[in-house]
Amino acid sequence: MPQLPPPVWAELYYDGAWNDVTEDVRVTTAPVTVTRGLSSESSSEADPTSCTCVLDSRDDLYAPRNPMSRLWGKIGRNTPFRWGYEVGSPWVDLPGAAENGLTTPGLTAFAVGDLDVRLDLALDAWAGASQDLAGRYLPTGENRAWAVAVASTGQLGLYWTPIGILESRLAVYSTVPVGAYHGQRLAIRITLDVDNGSGGYEVRFYTGRTVDDTEWELLGDPIVGEETTAVFDGIADIELGRILSIDGAAMTGRLYAFRLLDGIGGTLVASMDTSDAAPGDSAFTSGGLVWTAVNGASLSNRHVRMAGEIPSWPPTRDLSGNDNIVSIAPTGVTRRMDAGNKPQDSALRRFIQAGGALECWPLTDGVDSKAPRSMLGGRDMKVLAREGIDFPPSWEAGTLADWIEPVIAMKPTASVSLIGTTPRVANTGDSWSVDLFVTGGGASGSWAVNIYDTGAGTDADNQNILNLLFTSEEERLFLTRTSHSTEDSSAAFYGNYYNINVYDDRPHYLRLTVDTGVASPWWYLYVDGAYSASGALDVAMRPVSKIEFSGSASTDGTDQAAGYITYWDDRAPTPAAMWNAYLGFQGEAAGARIERLASEAGYTATVSGQAALQQPMGIQDRAKLLALLNECNRTDFGYLLDARDRLEVIQWGGSTLWNQPPALVLDYSSGVIAAPFRPVDDDKLTENDVQVKRSYGAVPARQILEDGALSVQDPPDGVGRYDNEYTYSLATDAQADQVAAMRLHLGTYDGVRYTRLTLNLANSRVFAMIDDILRIDVGDKIRLTNLPADHGPDAVDVLVHGYEEEAGPDAWTLTFNCRPAEPWTAGVTDSVGSRADTGGSELASAVDADDTTLSVTAADGPLWTTSPADFPFDVRVSGEVMTVTGISGTTSPQTFTVGRAVNGVAKAHPAGTDVRLTTPNYVAL
């Protein structure tokens, strides 16, 4: 039963551990509140998660400025904090200790033919380390049957043996990773058809919301074997969260339910639901089996509702001075991400910094600079005028690309050399590379790169120099080698290489690599990330000691820009990877960019959704970190926000929002929805004329709704024009058209909106659903049923946009900010429930309220199906839902046989009334 105030807990992180401070939370006098996600349906970016909480500090315990506090020096600005409830059903908490898990003794009833195994779980990390999840796999007595694991790549794996011995073991993995953020709860399912009817076996991997789902999402491609197989029966126990003889580590995370079926969708032979247990149990009975927690596994119902940092500790005293409290306001980590005003460095600079370069001179120094400084703490370059011309380079006057920091420019009147001494760190590898990034130069430009090895220039230790001269004449590279000693010098000509094609106003990238780890040293030239030329060296080049870059005066008035002279050992990124970074990672998947950007800045971000379904991004600009992350999320039409249970960032990819099962069904007639509850039917989100431009793109794309109730036509044929223009980071101009279509689709949803739903958790009817309610997160779907008649006859689906939570002495509420979910229903190829509507259909003649046949004209597009396999399905006719059981006629009009008043509406309809599928399907972005 619910109680007020609810059973809360709180912890502070100090001394390297989480410390309980529950007794100091004044929930009996002041509520704890949490705001998370988007504050309104029209917002596009979530605010940092925020919390308010009052701590009792009568002994000055939470006074970080008081040296007498026992927490002196342990707490302060941005001390980690987390808060939540101990309520509802438990789960198995698995800390990842050796062999932690849940077991039940083996039975002969556990034998299966075809295998169907399902788990409801939340891994602390779905990738990064191999973990055992479940199995009947006992090496003692050769009793290996089957086992389920997740690889370090995030791919699900199935092991099985036909006869129990290790030598007969087969193992397959899903073709794609699960694609879940850290701590995300979901259901996984693995099926093995031991005989697929074609002389082989077939393994399929799925994800879903619960172990009892009826519709699962296929994960990757089926794995088909060339021979039939079998699953050994044996006597092995069922182990969940550990498998004693598989190479992976024990599971770290939470386990909620398990199913083992004999046959795909067949007979249930073993099951476990932690809702059958109580917190603190060491053993419990579920599914008729006794399950025992072992080796550190425990049953817990301690929900984390907010994890954040405390930016300040403001003390408050009453007038007597006897009562002292601290009102803290923890926030999510995105608040710190958005602090300050400094934009992130360019993608190129960050990539070089993270790549382990031995030396780099970016040439991005300020206008008053005298010499280029090392980006990595090495020695400055020297600037030498050539041929007596005292014109140094123009600092910050060169442009490699609009998304790269300004670099030096070699003016037409200048002729200078930049000389850098390396290494900052010794090169101990068998090869080295020198990178240079340039643009400009025009039709008469030329420049040179001289690379000196570590020779002393003596007779005993001569110094070798590679000389690269680039000239716009015939787009040529002239490559030579010179060597110097005390008494002598020598030279070698390696050749002219034409069509280098770097003399224009576009960004270009050059790499010279020398491989000394082979019998005959070899050089390689790469231009713009691709191989261009190579050849043998006639001397043994040692690591680099000095790099000289020289720009010569051009005669056509064109500047030259150069930057990021970088020296690598044999761990250098590939030329293709460097070129990709130079171009701002154009085409990078939105989720991959989110994770990379956060990692480069020292944060953790993880993404829910398959990489192949994430939107490809445009050029990465220079902006603040959170702005870049939100840019990715905006392009992907997802949700980016603070993780609820840890100091991390998560993103619900836009692909995960389509075709969701409802996370919660609320029956209005049962009194579970609190006031205020009223639909909104206005034009706040309407946009029927949308123009989208790609950053650095060409012609904008435009999508207009020309016909229909929300079209640009004047009323009553439409609503008039609602036009908006947007700029998105997109990989191609073609994407702009897709994004415009998606915005038009969302902006022309013709239905009422339920913008706020409040649940009173102190209401016993609501509290009965506490397990489902506390699982709901931003991006989940809620279904509303049995709504008042004046709201319409149908169930309504909404997506959770954000929420506000209050737990105190007088109230325990959860208010969801919502937006319509119907626009996120997409058709699925070969799915029974996915159907394409006609271009427009209407009644050819009037019908009474009890007629069961309709004459329907297809006004546009193909006719309605007449195949018996396609029935039944529902259509909507002027608010009444009818079930179509058959259609006859191969020309328009066609005759429909229907069941009437499916949604409780029964009325007559005149000729010309619109006939549509009840639930339309859309093409996903």
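Me: Where is Pro872 found?
Reply: Keep in mind that this is a predicted model. The peptide bond from Phe871 to Pro872 is cis, with omega near 0°. As for its place in the chain, Pro872 sits in the loop between strand S51 (853–860) and strand S52 (873–877).

Me: And the peptide bond from Leu4 to Pro5, is that cis or trans?
Reply: Most peptide bonds are trans. Pro5 lies in the segment before strand S1 (8–14). With omega near -15°, the bond from Leu4 to Pro5 is cis.

Me: Which residues touch the most other members of the largest nonpolar core?
Reply: That core has 81 residues, and strand S48 (796–807) gives the most to it, with 6 residues. Apart from it lies another core, of 49 residues, with Leu94 and Trp146 among them. Back in the largest core, the residues touching the most other members are Tyr62, Phe81, Trp83 and Ile782.

Me: What does Trp83 touch, leaving out residues up to four places away in sequence?
Reply: Trp83 is one of the residues that touch the most other members of the largest core. Its contacts include Val8, Trp9 and Ala10, then Val32 and Val34.

Me: Which elements are included in what covers the buried residues of H4?
Reply: Helix H4 runs over residues 590–600, and its buried residues are Ala590, Gly591, Arg593, Ile594, Arg596, Leu597 and Ala598. Residues three or four places apart in an α-helix point the same way, because there are 3.6 residues a turn. Just after H4, Gly602 takes a positive phi of about 90°. The cover over the buried residues of H4 includes helices H2 (347–355) and H5 (625–636), along with strands S39 (605–608), S40 (639–642) and S41 (649–652).

Me: Now the open sheet of 3 strands: what is its order?
Reply: The edge strands are S44 (701–704) and S45 (723–728), each pairing on one side only. S43 (689–694) and S44 pair in the antiparallel sense over 4 bridges, and Val690 has Gln703 in S44 as its bridge partner. Pairing in the sheet is mixed, and the order is S44-S43-S45.

Me: What angle does the direction of helix H6 make with that of S44?
Reply: The twist in this sheet averages 15° from one strand to the next. Helix H6 (733–747) packs on the sheet, touching S43, S44 and S45. Its direction and that of S44 make an angle of about 25°.

Me: How much space lies in the largest cavity?
Reply: There are 2 cavities of 30 Å³ or more. The largest is lined by residues including Trp447, Phe470, Arg511 and Leu525. Strands S29 (431–440), S30 (446–453), S31 (463–471) and S34 (508–515) are the elements that give two or more residues to that lining. The space in the largest cavity is about 90 Å³.

Me: Is Tyr564 buried or exposed?
Reply: Tyr564 is found in strand S38 (560–568). Its phi is near 55°, a positive value in a residue other than glycine. The relative accessible area of Tyr564 is 0%, so this residue is buried.

Me: What is the relative accessibility of Phe637?
Reply: Phe637 is in the loop between H5 and S40, and its phi is near 55°, again a positive value in a residue other than glycine. The cut-off for buried is under 20% relative accessible area. Phe637 counts as buried because its relative accessibility is 9%.

Notes. Residues numbered from 1 in each chain as written. Predicted model: local features only at pLDDT ≥ 70, side-chain atom pairs only at ≥ 80, totals over all residues. Heavy atoms only, no water. Core = buried A, V, L, I, M, F, W, Y, C linked by side-chain atoms within 4.5 Å. Buried < 20%, exposed > 50% of the residue type's maximum accessible area, 1.4 Å probe, protein only. Contact = heavy atoms within 4.5 Å. Pairing = 2+ DSSP bridges. Axes fitted to C-alpha atoms, helices over the stretch in contact; angles between N-to-C directions. 1 Å grid on protein atoms, 1.4 Å probe; cavity = no way out; pocket = protein on both sides within 12 Å on 5 of 7 lines; lining within 4 Å. Points joined across faces, edges and corners; volume = space filled by probe spheres on them.
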